[in-house]
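Thanks, everyone, for making the time this morning. I would like to walk you through one chain as a whole, and then stop at a single residue.

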Amino acid sequence: MIKTPICDLLGIEYPVFQGGMAWIADASLAAAVSNGGGLGIISAMNANGEWLRGQIREAKKLTDKPFGVNIMLMSPFADEVAKVVVEEGVPVVTTGAGNPAKYMPAWLEAGIKVIPVIPSTGIAKRVARAGAAAVIAEGGESGGHIGELTTMALVPQVCDAVDIPVIAAGGIADGRGFAAAIMLGAVGVQMGTRFLVAHECNVHPNYKKKILEAGDIDTASTGRRLGHPVRSLKTPFTREYMKKEYDPNVSNEELEGLGAGALRKAAVEGDEKAGCFLAGQIASMVTKEQPAAEIITDVCTQAEEILKGACKWVR
Ligand code: TUI
């Protein structure tokens, strides 16, 4: 059994978080992960406060375990959803795609444990000073909006930079990744792509199929020109986007317009041509659909065996 300080801090059994995937991480997935002993997370994505309130109430019906909400700070509804998590008494908030400083006093006042996703030591130090309970150090192997550093380089540097618990994310799909994260100084992991194929995940079946069929070099990052690179599966959409991204005759506005609605098209409609299927570099390691609880126990059991045997090369 792997027990780390993050388990006691959050009241969870296993130090495994489920990534707050936009258009994917709903009450059903979050509750299943929390019921399985991990930390389930509802994505507030670009939705409004009332949608999020409905999801939080649904999750409370499905689980009596702690769960979190991920707030994507670039959302036009960030102010609104930041209030809803307080009103609904959500115990944990994770943030992405920006600095949550503006919301932190109100969240801390409400007793919320704030755990920002961070791509560098500078931002890690800033959020730690502002009262973050822990940070999720996410490397560029992950799906979605990514920073510059890899998980291997980022996690130990963040561990050295802050004295709050560090959760590793990006490129982790199984117990080997979990064990490696522990070796780098992390006290837990967050996985997105692996949970995307969970039985309780309501994403479109085409999305699951594409993850299960993906190979090792089937993801790419796009959007660097607009300042927010995003990793997704290579599809007709990404190929078109890449062509336009490198075309000086295409304006930034046109490029922005091309991306609008593409996540929804992938996750809700399963549109294999126009959809943007966010996925991490480990997609090819995700080979079977399973209940969320089984994913957690498989990953933890494998990590435990590896960590127990980790001294076999030491003389
Ligand atoms: O946020 C994510 N992953 C995401 S968000 C998303 S939706 C989206 N839509 C349009 C454009 C971009 C994204 C899909 N996937 N992961 C966490 C993450 N946070 N990655 C990088 C960051 C980050 C970046 C800058 C966190 C803090 C930050 O701070 C900059 C500052 O303002 O100091």
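Before the charges, a word on counting: Lys and Arg are taken as positive and Asp and Glu as negative, with His and the chain ends not counted, and each charge is placed at NZ of Lys, CZ of Arg, CG of Asp or CD of Glu. On that basis the chain has 31 positive and 35 negative charges, whose mean positions lie 2 Å apart.

Please bear in mind that this is a predicted model, in which local features need pLDDT of at least 70 and side-chain atom pairs count only at pLDDT 80 or more, while totals for chains, interfaces and linings use all residues. Residues are numbered from 1 along each chain as its sequence is written, and side-chain values use heavy atoms, leaving out hydrogens and water.

As for overall form, the C-alpha trace spans about 55 × 50 × 35 Å along its principal axes. Of the 315 residues, 51% count as buried, meaning under 20% relative accessible area with a 1.4 Å probe, protein chains only.

Now to Leu196, which lies in helix H9, residues 193–196, a helix being a DSSP run of H or I with at least four residues, numbered from the N terminus. Is Leu196 buried or exposed? Its relative accessibility is 1%, so Leu196 counts as buried. Leaving aside residues up to four places away in sequence, Leu196 touches several others, among them Met21, Ile24, Tyr207 and Leu278, where contact means heavy atoms within 4.5 Å. By contrast, the C-alpha atoms of Leu196 and Ile182, 14 residues apart along the chain, are separated by 23 Å.

Notes. Buried means under 20% relative accessible area, exposed over 50%, partly exposed in between (1.4 Å probe, protein chains only). Helices (H or I, at least four residues) and strands (E, at least two) are DSSP runs, numbered from the N terminus.
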